[in-house]
Structures are given as structure tokens and as C-alpha cells.
Amino acid sequence: YAKRIQNAILPAENQISNAFEKNFVLYLPKDIVAGDFYWLEKTPNSNLLAVADCTGHGVPGAMVSVVCYNALNKAVRQFNIEDPALILDKTRELIIETFSKNSIGIKDGMDISLINYNTSSKNLLFSGANNNLLLIRNNELIEFKANKQPVGNSDHHKPFSNHELSIKDNDTIYLYSDGYADQFGGEKDKKLKSKNFKKLLLKIHNQEMEKQKTELHTFFNNWKSNSEQVDDVCVIGIKF
């Protein structure tokens, strides 16, 4: 039942396809419920999309994810913010406020990659907290770095910053949490690592989106083999 509740707040497949026609979502919770989630919000001018990785996994992670999900919604819907960096600033403020209502001092929060795609200008703004954005253009992978801080309570937090991209036809972008690259497996039971994750994306990025999802899922299962899944996994791909 907890899984049904969590699934109810995730965007439906047709909602994502209405915003981004060519897409896939690979979502593999480690347990029944997850600390990872994905989020979509449409405004009159643009489509906002995020992949988030909350502190922990399982039930504690899922509880934090509801707080973070609601804070994102509030930042956009109540405060009318569309700039990704400013959304993360406001979301952090709301999360800290929620978790500081007593003296326990919970420091939970999330890592996130968040985009705002303007459908008329084809401009894309990206802001991230520890989670980068990958763009593949003309068979070349370009990585846009996130700010090295979470959305939540941290020792030295600064305002988040944006990267601006001018999207071209056939560009493919990937938003993801660290669960895929952190999975142990292979012959030596080592971490997959982000370098191999990027190599895989370069290899499959020209395929249809549903085929890419299948390839990623199959590779992950083969790599993991008999090892335990170490974390929630979420990867979203979008082709323009």
C-alpha cells in the first residue's frame, strides 16, 4: 500500500510524453518504496522535469521523498518560480523549515538534477545538487556539473546556479541518480562507476528510447548478477 501511495505522486507516463515526446524512465527502487523519485511540472511557457535522490532508501527515504516532492511543488505552484536554481534555493528553504520544527535537528534532504525546457525558444536551463546532467550531441558526451551541495541542511550552503543550453534537433539528455553507477557487480564485484555508465549511454543513445531503457535495464541486471542492489536507481532520457 505504501508503494501505491508513492506511485500515485509520480508523474504518469502519458504526462511525461505530453511534455517530452521521446523519453524513457528507468525506475528501480531498491526496496518496495524508494528515496528516489522523479517530478514533472508544466507551466504556460515551459516544462520542468527532475530526478531526485533523497537521503536513504526504503521507508525512511520514501518519507523524505514526500517532503521533498511537496517542497518542489510549493516552490513552483505557490511561489511561481520557474528558474531551476531559484526553485532549488526555495525548495531547500522549505525543507529546512519542515525539518527544523523540533530540536531533533534532522539534516535530511536530496540530491537532484532539474531542468526547465522552454518549448518555443528551445532553451534549456539546468540546475543540480550533486547530480549532473549529461548531453549527447553529434556522438559526443558533454557533462554539465551540478553544485556540490544537497538541497537541505548543510554546513556551507550557497545559492544554486544554472547552466543554459540551446537545444538542437537529435540532442539527447539524461537525468539520473547515483544508484546505477554505484551498483556492485561484474567479475570482480566492483562498482560500475560513472565512467562505464557514460560509455554505455554513448553506445546506445542513437537507439529508440524504449530500446535504450531495455538496454540499460538488461545491462544493470547482468552487471548486478547475484549481488544485492545497493541503492534506488532512476534514469530518465529525453531525445529532442
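1. Tyr-27 and Tyr-38 are both buried in this predicted model. The two rings form an edge-to-face aromatic pair, with 5.3 Å between centres and 80 degrees between the planes. Tyr-27 belongs to strand 1 (residues 22-28) and Tyr-38 to strand 2 (residues 36-42), so the pair ties together parts that lie eleven residues apart in sequence. The count of aromatic pairs comes to nine.

2. Tyr-180 and Phe-220 form another aromatic pair, in this case tilted, at 5.2 Å centre to centre and 45 degrees between the planes. Since Tyr-180 sits in the loop between strand 10 (172-176) and strand 11 (184-185), and Phe-220 in helix 6 (residues 209-224), the contact ties together parts 40 residues apart in sequence. Both Tyr-180 and Phe-220 are buried. They also belong to one aromatic cluster formed by Tyr-176, Tyr-180, Phe-197 and Phe-220.

3. As general background, nonpolar side chains in soluble globular proteins tend to be buried together.

4. Met-110 may be examined through its contacts. Leaving aside neighbours within four places in sequence, Met-110 is in contact with Phe-37, Ala-52, Asp-53, Cys-54, Cys-68, Leu-72, Thr-91, Ile-95, Ala-129, Pro-150 and Val-151. Thr-91 counts as buried because its relative accessibility is 0%. Not counting residues up to four places away in sequence, Thr-91 touches Cys-68, Ala-71, Leu-72, Ala-75, Met-110 and Val-151.

5. The cysteines were checked for disulfides, and the count comes to zero. Cys-68 is in no disulfide, and the nearest cysteine sulfur, that of Cys-54, is 3.8 Å away; the cut-off for a disulfide is 2.5 Å between sulfur atoms. Cys-68 is buried, with a relative accessible area of 0%. For Cys-234, the closest cysteine sulfur is again in Cys-54, at 11 Å, which is too far for a bond. Cys-234 is likewise buried, at a relative accessible area of 0%.

6. Which residue has its charged end over the ring of Phe-79? The residue is Lys-90, whose charged end sits 4.2 Å from the ring centre. Phe-79 is placed in the loop between helix 3 and helix 4. Because its relative accessibility is 36%, Phe-79 counts as partly exposed. Its contacts, not counting residues up to four places away in sequence, are Lys-74, Lys-90 and Leu-94. Phe-79 and Val-59 are 20 residues apart in sequence and 29 Å apart in space, C-alpha to C-alpha.

7. Asn-196 and Ala-181 are 15 residues apart in sequence, with 7.7 Å in space from C-alpha to C-alpha. Asn-196 is in helix 5 (residues 194-204). With a relative accessible area of 29%, Asn-196 is partly exposed.

8. Two backbone angles should be noted. Asn-80 has a positive phi of about 55 degrees although it is not a glycine. This residue is found in the loop between helix 3 and helix 4, and Asn-80 is exposed, with a relative accessible area of 61%. Lys-122 also has a positive phi in a residue other than glycine, near 60 degrees. Lys-122 is found in the loop between strand 4 and strand 5 (123-129), where Lys-122 is partly exposed, with a relative accessible area of 36%.

How values were computed. Residues are numbered from 1 along each chain as its sequence is written. This is a predicted model: local features need pLDDT of at least 70, side-chain atom pairs count only at pLDDT 80 or more; totals for chains, interfaces and linings use all residues. Side-chain values use heavy atoms; hydrogens and water are left out. Buried means under 20% relative accessible area, exposed over 50%, partly exposed in between (1.4 Å probe, protein chains only). Contact means heavy atoms within 4.5 Å. Rings of Phe, Tyr and Trp (its six-membered ring) pair if their centres lie within 6.5 Å; planes under 30 degrees apart count as stacked, over 60 as edge-to-face and the rest as tilted. Helices (H or I, at least four residues) and strands (E, at least two) are DSSP runs, numbered from the N terminus. A charge sits over a ring if NZ of Lys or CZ of Arg is within 6 Å of the ring centre and within 35 degrees of the ring normal.
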